[in-house]
Amino acid sequence: MNETTTIIAECRMCSDQGFLTVRVSDLAMWQAGAMVQEAFPYLMPEQREFYFQSRICEDCQDTIFDSESTMDKMTTEQMLLQFEVLGFGYGYCAVQRKSDGVKGVLSFDHHPRFYYNFQEV
Ligand SMILES: [Zn+2]
């Protein structure tokens, strides 16, 4: 039962393509609703991001995280790497943090669009 399959992903920032071989049974587990880290515990976090979450390649992830030294303000791309958006309210955005599943709200500015000040709810 060690059948494998190849996943192809294209980075939505630089259009680089990547190929990843995973076990069919793991992929099925993820498609059935398992968390990425449960289905593919052997993958690097950067690989999980690229192939299953944000579709931003490892190089672009590095670029984003390098430019974000303070974590004070996040662009939309930076925010989406770390949070799942649940909805928008007046002047805030309801999100769930990917790293630990904590739900909270982010404040944001419109011009330019920046997200900041994560608070648990
Ligand atoms: Zn890229």
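# Close-up views of a predicted model

**View 1. Gln96 stands opposite Lys103 of strand S6.** Strand S5 covers residues 92–97, and five bridges join S5 to S6 in an antiparallel arrangement. Strands here are DSSP runs of E of at least two residues, helices are runs of H or I of at least four residues, and both are numbered from the N terminus. Two strands count as paired if DSSP finds at least two bridges between them. The model is predicted: local features need pLDDT of at least 70, side-chain atom pairs count only at pLDDT 80 or more, and totals for chains, interfaces and linings use all residues. Residues are numbered from 1 along each chain as its sequence is written.

**View 2. Five strands form an open sheet with antiparallel pairing.** The strand order is S3-S7-S6-S5-S4. Strand S3 (73–74) and strand S4 (83–88) stand at the edges with a single partner strand each, so one side of each has no neighbour in the sheet. Strands of a sheet pair through backbone hydrogen bonds, either parallel or antiparallel.

**View 3. Strands S1 and S2 form a hairpin.** Strand S1 (residues 4–10) and strand S2 (residues 17–23) run antiparallel and are joined by seven bridges. Thr4 has Arg23 in S2 as its bridge partner, and Ala9 is partnered by Gly18 in S2. Six residues lie between the two strands, and Ser15 in the turn has a positive phi of about 65°.

**View 4. Helix H3 (residues 45–52) is mostly covered.** Of its eight residues, six are buried: Gln47, Arg48, Glu49, Phe50, Tyr51 and Phe52. A residue is buried if 20 or more other C-beta atoms lie within 10 Å of its own, exposed if 12 or fewer do, and partly exposed in between, with C-beta atoms placed from the backbone.

**View 5. His110 lies in the loop between strand S6 (103–109) and strand S7 (114–120).** His110 is exposed because 7 other C-beta atoms are within 10 Å. Phe50, in contrast, is one of the buried residues of H3. The C-alpha atoms of His110 and Phe50 are separated by 27 Å, and the two residues are 60 apart along the chain.

**View 6. The protein chain is divided into domain 1 (4–62) and domain 2 (68–120).** These bounds come from an automatic or database domain assignment. Taken over C-alpha atoms, the centres of domain 1 and domain 2 are 23 Å apart.
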